[in-house]
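The stops below are given in the order in which to select them.

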Amino acid sequence: MGKKGKRDKKGKGAEKTAAKMEKKVSRRAKKEEEDLEALIAEFQSLDAKKTQVIESSCPPPSPRLNGSLSAHPERDELILFGGEYFNGQKTYLYNDLYIYNIRKNSWSKLEIPNPPPRRCAHQAAVVPTAGGKLWIFGGEFASPNGEQFYHYKDLWVLHLATKTWEQIKASGGPSGRSGHRMVACKRQLIIFGGFHESARDYIYYNDVYAFNLDSFTWSKLAPAGIGPAPRSGCQMTASPEGSVIIYGGYSKQRIKKDVDKGTLHTDMFLLKAEGVGKEEEKWTWSRLNPSGVKPPPRSGFSVAVGPGNRSLLFGGVQDEEEEESLEGDFFNDIYFYDMGKHRWFPAQLKGPKSEKRKRRREKQAESEAAGDEEVEQRPPQGPLEIVKEVVAEDGTVMTIKQVISGPAGEKEKSESEEEEEEGGTLGQQVEPCPRSNAMVAVKHGVLYVYGGMFEVGDRQFTLSDLYSIDLHKMVEWKVLVEMDPKTQEWLEESESDEEDDDVEGAEGGEEEEESSEEESEDEGEEQHPAVEPGETPEEYLSRTEQYWIKVARSHMGPEAKEKKVVKVAHAMAKTFHGDSV
């Protein structure tokens, strides 16, 4: 009895500590988020000027990571939304919407009035009703210098049939967060985990929320049993029976002042519902101990649901934390989890059968001509290191190394030797390079992988390539869009640039950035007071303050406090001045 009482007290103490930390983070983050609200409001005012749906053919989207890629439930299309890009100096956030036509291997950009604000690390889930609906929850917006964050707690739905965005306003939902996971399960959206970060503090979550797709109401679940520790970026999959599976993820904790320790989680849990559809729906956590070969620990992996009641995990990174540096080993492998058998296993590429048979016949002919003795003298094949080099537009050479372990058996050994002898390393040339934070989706049993990033030293490379592989056949990867070295831009840190170009820094990258800025300048000159030659930000604000207060008030509504309206107005004026100079 006494031990149970101690455990209860310990549990309540942990809950109080977590609650205090959440309040602390919330207080410190509030000021940062107020500062960023001005940027978000200005961007939304530009989006609000779009009054009609425009769909136009376009080149592949610019490089990005932490966006969402979803399969259209009725058409042979993939839907790409949001994401981020960092060029060494500035962080760019997106809220653009792209459609990939699978049959035509072509992209189109879909502009729809009143979209969600720019964001990354959100979650998207498709529900196949009324022509298909794409649900978006949460995510984050970052300042151009990447030091301030705004975490969203909004819920949006894209009606695919009518091509309209709608914000769903319902109380009682999760707090603002990013890195969470969301799945459609029966007639609910289930959200788990994530994190909230300010400049100095952070908190990770392990709470569970459900959004009812019939009543449009939120409920916070209180499952029985011991569930996962707080984390973000985990694998979350809904089973056909209506249960939810959680695997892995990442979290960090402060061990002393200015020193954080990261944890790569490798545990697995089942969240099971009893009495689905009834008023008293009960949820229970239980720990899973799957068989098979589990993936090596990693973060930043991408997840999808494949055919045959299997979920899959692609890529990711395993960071090696040193005292003064952080080195990462990136992956491009696939691991399957059989939800029925509770078993992990790595994907194995079979390779084209005709090519294998051809190489085997040639090998046998060579053996007969040269004699078995010469073949026996060949040393056993060990691990194979593949080195790829890509030259960026600025001359930087990206060297990507991948080590493939040696074969286990004699039969596999001879086949892999044949592939190595053939010299072309056919399968190796058409596989995606190792990466993390890629966007993935499965349609008709085919896995599609878009973008993501990898690091070489202190430099980050953000990708814009697109690959596919048939999960039924597992024969070979196909390159649908190759990585364009011209899109690789990297600028060394510059203190003088960080304070400028607030709008530019979050407006978008590459060609989109230039066109967006030109449009916003043209529109700005017509509707906002123009910046006079040589006018400083302070002089411009002094001259136009009342105008910007009216603009801020129109965005924030009559109930907003005057002090906050003035603050947003000043930030808007500064943003417009920086964009105009």
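Predicted model: local features only at pLDDT ≥ 70, side-chain atom pairs only at ≥ 80, totals over all residues.

Residues are numbered from 1 along each chain as its sequence is written, and side-chain values use heavy atoms, with hydrogens and water left out.

Strands here are DSSP runs (E, at least two residues), numbered from the N terminus. Two of them pair if DSSP finds at least two bridges between them.

Select residues 235–238, strand E16, together with residues 244–256, strand E17: the two pair in the antiparallel sense over 4 bridges. Gln 235 stands opposite Tyr 247 in E17. Now go to the 5 residues between the strands of this hairpin, where Gly 242 takes a positive phi near 100 degrees.

E17 and E18 form a hairpin with 2 residues between them, and Asp 258 in the turn has a positive phi of about 65 degrees.Next, move to the open sheet of 4 strands, which run antiparallel in the order E27-E28-E29-E30. Select E27 (439–443) and E30 (477–481): these are the edge strands, each with a single partner strand, so one side of each is left without a neighbour in the sheet. Neighbouring strands of this sheet are turned by 30 degrees against each other on average, direction ignored (axes are lines fitted to C-alpha atoms, and angles run from 0 to 180 degrees between N-to-C directions).

Finish with E28, residues 446–456, and E29, residues 459–470, an antiparallel pair with 10 bridges. Arg 459 in E29 is the bridge partner of Val 456.
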